[in-house]
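Hello! I am handing over a structure for you to look through. Have it open beside this email, and read on below it for what was found.

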Amino acid sequence: MYHIVAQPSCDNCGGITSFGMTLVYLECQRNSYIRPMDTLFEGENQIISIIVIAISLLFVMGVAIVLFFYFSRRKIIKTELEKATMEIEHQKEVLRSTIITQEEERARIAQDMHDAISSKLNIVSLNANFLLEEGITSDEANKMGDSILKVTTTVLESSRRIAHDLLPPTLQKFGLEAALEELCEEVYDSKKFELEYDISYEENFVSSNHELHIFRIVQELMNNSIKHSEASQITLILKTKENILSLQYRDNGKGFNIEDTQKAKGLGMSGIENRAVILQGDLEIASSPGNGIAVTIEINNEL
Ligand SMILES: Nc1ncnc2c1ncn2[C@@H]1O[C@H](COP(=O)(O)OP(=O)(O)OP(=O)(O)O)[C@@H](O)[C@H]1O
Ligand SMILES: [Mg+2]
C-alpha cells in the first residue's frame, strides 16, 4: 500500500517531492522497513542452519568416536586372544615335551631294571634253589655261594648306578655347578679328550627340576661326543648373568648332517630338544660333516 505524505525526505532518493518521486520514496521507505525484517529472518535461518550443521557434525563425530572405540577394542581383543592362544599352544608344547621326557626316562629305567637287576636276581634265585637241593656237595655249595655273592655285588652296583642316574647325588646335595664339574672330571679322567670347562652357575637360578634337565642335556652331549664324535677337544661354558643362563658346548669331532639326524633322530637328540622346550630356552645346534658340533642354549628365568 502506498500513501502520499507531505514533504517526504529520504536519504536514498535525495528528498524528491513530485508525486512520482513520492511513490519512489514510499517504495524506498517500504524497502527500508522490510529489509531489516528479511535480514532478521535470514539471520534466524543462518543460526538454525549453523545449529543443524553443528548438531550434524557432533553426531558424525560421535558416530566416528563410537566406531573408533568399537574397532580399536575389537583389535585389542583380537590381539589378546591371539596372545592367549599362543600361550596355550606353548603350554601344550611344554606339557607334551614333559610327558615325552618322563615316558622316555621311565622306559630307560624299566630297561635298566630289567637288564641289570631282575635278570641277575633270577640267577641268584636259581642258585639259591640249587643250594636247597638234597645231596649237594660242600664244594658245589661253596661255588654257588661265590656265584651268589658275585651276582649280588653287581646287582648292588647296578641299583646304585640306576639310583644315581635317576637323581645324581652331587646334584641333589651340592647343586648344578658341582654336579657338572663332577661330570666334566669323569670325562676328563677317561683321558679320551682335552676338556675345557668354565662353569659359574648362580644357585637357584632355575628350579631343581630344571637344573636336572640342564644336567641331562650336558650329560647327553658328552655321551654323544664320547660315542660318535672322535673328537680330541670338548669345551663347555655355562654362565648365569642377570636373568640369562647361557650354555655353550662344542666338540671338534667329525660332526654330522643335522638334516639326516632330524629324519632318524635317536632318543638323545630329541630328549635335548624336549628338555629345551621344558626349560623355555632357545636351543641352537650347528653341525656338519667334518666340523664337530656347537650347541647353545639360552634361558631367560623371567619368562
Ligand atoms: N657330537 C657328535 N658328533 C658326531 N655325531 C653326532 C654327535 N652327536 C650326535 N651325533 C649323531 O646324531 C645321531 C643322533 O644322536 P642321538 O643322541 O639322538 O642318538 P644316539 O646317540 O645314536 O642314541 P641314544 O642317544 O638314543 O642312545 C647319532 O647317531 C650320531 O650319528
Ligand atoms: Mg645319544
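**Helix α7 and its surroundings**

Helix α7 has 12 residues and spans 16 Å from first C-alpha to last, close to the 16 Å expected at 1.5 Å a residue (the expected span is 1.5 Å times one less than the number of residues; helices, H or I of at least four residues, and strands, E of at least two, are DSSP runs numbered from the N terminus).

This is a predicted model, where local features need pLDDT of at least 70 and side-chain atom pairs count only at pLDDT 80 or more, while totals for chains, interfaces and linings use all residues. Residues are numbered from 1 along each chain as its sequence is written, and chains are lettered from A and ligands numbered from 1 in the order in which they are written.

Gly271, Ile272, Asn274, Arg275 and Ala276 are the buried residues of α7 (buried: 20 or more other C-beta atoms within 10 Å of the residue's own, C-beta atoms being placed from the backbone). After α7 comes Gln280, with a positive phi near 55 degrees.

Now to the sheet. It is open, with 5 strands in the order β1-β2-β3-β5-β4 and mixed pairing (strands pair if DSSP finds at least two bridges between them). β1 (194–200) and β4 (281–287) are at the edges with a single partner strand each, so one side of each has no neighbour in the sheet.

Inside the sheet, β3 (residues 244–251) and β5 (residues 293–300) run antiparallel, joined by 8 bridges. Leu247 has Ile297 in β5 as its bridge partner.

Enjoy exploring!

Technical notes:
Buried ≥ 20, exposed ≤ 12 C-beta atoms within 10 Å, placed from the backbone.
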